[in-house]
Amino acid sequence: MTTATRRRPPGAGIWGTSQSRFAYTLVLPVVLLLAGLVAYPFLYAIYVAFTDRVVGNDGQWIGLANFRYLAQSPAFSAAVWNTIVLVVASDALKLLIGLGLALLVNRRFRFQGLFRSLLMLPWAMPAFVAFLTWRVLYQPIGGGINLLLTDSGIYPEIVDWLGQRSTAMPAVIAASVWRGFPFWFVSILAALQTIPVELYEAARVDGASAWQRFWAVTFPSIRPVVIITAVLSSIWTANSFENVWLLTQGGPSDATIVFPVLAYFGMQTQRLGEAAAVSVAMLPVLAILVFTGTHMMQRGEDE
Amino acid sequence: MKQHGHLTRRRIIQATLAGTTALATRSALAAPALVKGSKLTYWGGLIFSDKANKMLVETIKKWGADNGIQTDVVMINQNETVQKVSAAVASNAMPDALDLGLDLLLLLSRQGVFITLDDLYTSVGKAQGGWFPAVASATDTTKVAGGRTGLPFGITGNLLLRRNDVLSKAGFAKAPATWEELATQAAAVNKPPFYGLGLALSNVGDGNTQIGVLQSYGGRIADDTGTKAAIKSDATREYLRWVKNAWDKKLFPPGNTTWDGAGDNNAYLSGQAAFIANTGSVGIAAKNQDPELFQGTLYSALPAGPKGTVSPTDPNVRAIPKASKNPDAARALLEHLAQPEFMSAYYAEAIYGPVLQGQSTFKTFGPQDAIHSGLLDLVQRGTAPAFPDVYNAAYADAYNNFVVPKMIQRVVIDSWDFDRAMDEAQKQTQAIYDKYK
């Protein structure tokens, strides 16, 4: 076992050298800003989750009571499962669509710029407008999707897309994927454009097939971007409220209820402690996502 | 034994002085000193009528100009009042006066957020024939705040809107008197994509209309003490049977288990529903957008169940936060807004029922206006909020967590049997009530 002894540099006091003190001073405003804008609200929300705070009353420490109440609620267990399904399914689809389109658009063709801009439109559209439009499309009577299916003869029956347990979550996922895939598309496209053409030429000379070129050249090059995109997108999807609220309000029968909608119900009853507890209950899952993503990125860099 | 005193000069002077003092005190009470140049912020509740919204803003601004007060009127979407007021309370940024619903008033009054307005409430009531009893009892915050904290200005509640043009052809000239009769009439005219029952069964306020139907069947959310859940009962089973029968006959438009707040409005306005329960906003919209539909629509009170009619009135109030920087001006403004001159014009454009007996003589509430006369009928014959349940914080929590619409969804969406659905709702409701013990 070895022990490392830290030595103070010559001329350095307890607060370091004058040079490092100056550096700390420069960094201090940013640290304070982050502490005020990020750390304080974050830690305060955790504290509130352990209180019976309501609007107009700071409340008292009640330990795990809010979490016990949530744990027995059928809506909470439904929210846990639905959030996982929404995040995994929509991000997997966003990856497939984003990657496919990025590979397609990375080639040279006429109107390339226009095509790229068009693909970004769903992301540029305000979420409120996008999901209300999807709601209209899903309408059983007069909705665009049903009209298309019945008029074209593909499916003669009217489908209540948002009103049935079997179709409600897939409908929410489809709308969420439509709105979110451009972020994946643009991130992957940017990563693709950094891959040197020489690598592909060398692979071709070695007789690699298209799949082998993708697996040996493309994928390792874009992997760090895919990982960070996956982490960010998962966090955003897990925290997304408008998609579910505007389409189904968590129904029917809790079929689409997710954490943010559950927290909103807590807010509607002005029970801030309970609403905070819902958000805090999400933290472990989000923390695992962040740490896994960071770890995978680190591993990629080491390799 | 009655004693008669002599009218001496001293007594006359004393009486004159006492009278003058009393008058001075009264006028001081009626018209508190307004500080010229001071500021007043008012948060008004945005409603469906642009004319009514504009009228409220202009009236406040004119009052401000007449009294030398700088007014700032912010109209707030009523769906966002809870969030905005909650944030304002937490950040100590409340306006000087605001419009709000009874739920929020009761909750915040418990936390001591508002000043009491007993004198203003009494003087306005006396001047206009007294408050309607349903309004007076529903808005009484004395037990929780030591006095009345809200000055009522309008009631809302559901009326039954029906397509008389369609129903009369099918032989139904009269409004259905019971929920069973309603289902019968709805079934008779049900020809998809025209559906009989445009009632929401989703997790929005309109879905909670079903609580009243449940209660009219004798079902309850909790017992008379307001502490113990009482959803599981034979009466609830009967009610669920009524809903399930209607569902199985496909009387509800598809999608009604996930409708948003405008779902029933849209269904009726697009000609997809024969009946809806609505505050009357749909009638106003039909008047402007579809005169033919408006002409074909009739309005009536909600039908009765085996235990009678449950038709809750929901008062809206004006209140002054303790944090107000200009409470005297706020009181004066609230008194001004309660005057018949403004309210008669405002009611004509808004979808509110009257709160004061004297307002019932306003032309708007005459028989020529089906919606407003229906709202007058509602305030005279409607039931108190939550009746026959106890209106307390636990009830409001169960209401906002959509316990009853979710129980129905278990039956119609998940095909649970009645007992299983009631068991879950009972357990969930008890857990909610236990939080408030």
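B:Glu335 counts as partly exposed because it has 18 C-beta neighbours inside 10 Å; the class lies between buried (20 or more other C-beta atoms within 10 Å of the residue's own) and exposed (12 or fewer), with C-beta atoms placed from the backbone. The model is predicted, so local features need pLDDT of at least 70 and side-chain atom pairs pLDDT 80 or more, while totals for chains, interfaces and linings use all residues. Residues are numbered from 1 along each chain as its sequence is written, and chains are lettered from A in the order in which they are written.

B:Glu335 sits in helix α15 (residues 327–337) of chain B. Helices (H or I, at least four residues) and strands (E, at least two) are DSSP runs, numbered from the N terminus. Neighbours within four places in sequence aside, B:Glu335 is in contact with B:Leu120 and B:Val124, contact being C-beta atoms, placed from the backbone, within 7 Å. The C-alpha atoms of B:Glu335 and B:Val124 are 7.2 Å apart, across 211 residues of sequence.

Chain B also has an open, mixed sheet of four strands in the order β6-β7-β5-β8; strands pair if DSSP finds at least two bridges between them. Its edge strands, each pairing on one side only, are as follows.

| Edge strand | Residues |
|---|---|
| β6 (chain B) | 195–197 |
| β8 (chain B) | 297–300 |

β6(B) pairs with β7 (residues 273–278) of chain B in the parallel sense over two bridges. B:Leu197 has B:Phe275 in β7(B) as its bridge partner.

Between the chains, 26 residues of chain A are in contact with 32 residues of chain B. The largest share of chain A's side, three residues, comes from α11(A).

Terms used. Contact = placed C-beta atoms within 7 Å.
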